[in-house]
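Q: Please guide me through reading the surroundings of a ligand, a nonpolar core and a helix face.

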Amino acid sequence: MKILIADQIRALDNYTIEEEPVPSIDLMERASKAFVRWYTERFNQSGKVLIFAGLGNNGGDGLAIARLLDNLGYEVEVNIINYSDKRSEDFEENLHRLEKMLMVNWICDEEDIENALKNGIIIDAILGTGVNRPLNGIIKETILRLNRSNSTKISVDIATGLYTDSPVEPDAVIFKPDFTVTFQLPKLAMLLPENENFVGNWYKADIGLHVEFIENCATDYFYTDKIQPKIRSNFSHKGTFGHALLIAGSYGSIGAAILASKACLRSGVGLLTALVPECGYEIMQVSVPEAMCKTDVSKHTISTLPKDLTVYNAVGIGCGLGKALETVIFLENILKSFHEINPKKGLVLDADALNILSENKKLLDLLPPGSVLTPHPKEFQRLAGGWANDFERLKLLRQFAIKYKVIVVLKGRHSAVALPNGSVHFNSTGNAGMATGGSGDVLTGIITGLLAQGYPPEEAAISGVFKHGEAGDFAAQKSGQMAMIAGDIIENLRW
Ligand SMILES: NC(=O)C1=CN([C@@H]2O[C@H](COP(=O)(O)OP(=O)(O)OC[C@H]3O[C@@H](n4cnc5c(N)ncnc54)[C@H](O)[C@@H]3O)[C@@H](O)[C@H]2O)[C@@H](O)CC1
Ligand SMILES: [K+]
């Protein structure tokens with residue numbers, strides 16, 4: 001699914017209005033009905049609904065929502081923030097419709113704000129995607145006061161004050177909802193970790209905007225909310241699904257090799273060889289009997305390039321590897337030999353392989369095009385340098401992927417997969433229970449397994465991240481997020 005910037009969303013609204021055609025007031029009614037559908041599925045008629053509306057179209061939505069909820073028997077109180085003389089046409093029309101049924105309160109000063117605050121659910125329809133400057137005056141005062149309330153808070157489309165596709169000022173005042181119900185498409189700002197408090201749990205409400213227009217919009221940002229399942233032929237044999245090599249583990253971290261190996265096997269790979277230091281041999285053989293196991297000449301680390309690299313369809317390196325000097329030299333050698341053996345072979349670099357790259361930046365130039373790197377934010381910072389905000393981080397991520405022609409999976413709540421063409425694919429699956437040791441090793445195993453089966457690296461990364469998160473969601477349903485361990489993600493992989 002595409003993610004569009006605010007100007008494109010405005011153009012999309014207008015195009016839908018002209019081409020469908022649908023009068024803008026009816027489109028607003030459709031959006032408001034979609035919100036009300038979401039709301040009535042979760043909240044019953046007990047208690048008050050306190051609607052805070054602005055004077056533009058987001059406010060218009062708020063007034064239409066008030067009317068629809070009132071019709072459904074909810075006890076609604078409407079507060080309009082009187083911050084300007086300018087009102088949108090559809091706001092005026094919805095005010096006209098509402099005033100036939102309900103009295104509205106106009107908020108002009110702090111006393112009005114205090115009077116408006118009662119027990120009830122707060123709905124923020126003050127400003128939406130039209131916000132273009134920091135909040136001040138009576139809007140700012142209202143938001144400051146609403147944010148102090150313990151009531152459940154819900155934003156219509158986007159929290160008041162949050163810019164759709166640019167960073168907010170460091171000391172900006174922004175509404176802090178528990179939920180956001182956003183129309184049609186997710187907004188970029190809602191996917192960035194620094195905005196977590198200004199989004200809450202968010203839901204997408206379809207309002208039937210023009211599908212072809214969306215298809216023709218150019219964008220670099222996408223949201224992965226489903227992937228195409230691949231069908232396996234009945235005539236397959238284990239050779240059909242490739243042979244993966246995982247190079248992982250060091251003394252004290254053989255568990256990382258086990259987790260990556262199990263995940264790789266559960267991702268459909270035909271054959272798996274794990275290369276571990278000698279100290280890991282028995283542990284691997286006992287824990288993962290399905291994998292073949294080779295050992296390095298070193299007892300505790302990986303130091304020596306395997307002879308027969310051409311046998312493998314994909315190689316995953318880094319889980320629990322350590323950063324011993326001999327391992328650094330090993331990584332340099334394998335990156336050099338990758339260019340020679342077969343540029344089409346897949347390569348995944350994770351954890352200590354990434355840390356070695358950041359401590360030896362000249363190695364970055366050896367990265368084979370199409371390699372998949374899976375850093376968490378700290379690892380990415382060490383690789384690419386710091387950033388002032390998440391938009392800047394996103395820019396660095398894209399620049400890095402373009403410059404080195406690699407795929408970078410920046411792990412997090414909505415893991416961002418940056419491709420060499422500069423596009424970024426945000427993931428929809430996963431949960432906080434996955435922030436646990438070994439979860440990254442599982443992802444490396446999955447992506448390596450997909451690469452070995454012949455998935456193009458872009459698809460292996462996007463699908464792997466999606467399935468990893470989905471398995472984490474299944475695991476959380478069973479044991480709860482707190483009790484989850486990385487092994488549960490592997491057990492819950494379903495293809
Ligand atoms: N255009 C359409 O057809 C639809 C729009 N919808 C709603 O319309 C919203 C966008 O509406 P608008 O474009 O009218 O914009 P908003 O309602 O977000 O804002 C209204 C106006 O406030 C002004 N403004 C911006 N920043 C401000 C600030 N900090 N302080 C005070 N005033 C400020 C701007 O002039 C802006 O146009 C969406 O978020 C969505 O809720 C939905 O009804 C769906 C259909
Ligand atoms: K809003």
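A: A residue counts as near a molecule if its C-beta atom, placed from the backbone, lies within 6 Å of it. This is a predicted model, in which local features need pLDDT of at least 70 and side-chain atom pairs count only at pLDDT 80 or more, while totals for chains, interfaces and linings use all residues. Residues are numbered from 1 along each chain as its sequence is written, and chains are lettered from A and ligands numbered from 1 in the order in which they are written.

Q: How many residues surround ligand 1, and which are the closest?

A: The shell around ligand 1 holds 25 residues, the closest being G56, N57, N58, G128 and G130.

Q: Which residues touch the most other members of the largest nonpolar core?

A: A nonpolar core is a set of buried Ala, Val, Leu, Ile, Met, Phe, Trp, Tyr and Cys residues joined through C-beta atoms within 7 Å; buried means that 20 or more other C-beta atoms lie within 10 Å of the residue's own. Here I51, A257 and A274 touch the most other members among the 149 residues of the largest core. Helix α8 (residues 254-265) gives the most to this core, nine residues; helices are DSSP runs (H or I, at least four residues), numbered from the N terminus.

Q: Where do the buried residues of α12 lie?

A: In α12 (residues 377-384), E379, F380 and L383 are buried. Seen down the axis, these buried residues fall within an arc of 100° (taken from the directions from the helix axis to the C-beta atoms), so they line one face of the helix. After α12 comes G385, with a positive phi near 95°.

Note on methods
Buried ≥ 20, exposed ≤ 12 C-beta atoms within 10 Å, placed from the backbone. Helix = DSSP H or I, 4+ residues; strand = E, 2+ residues; numbered from the N terminus.
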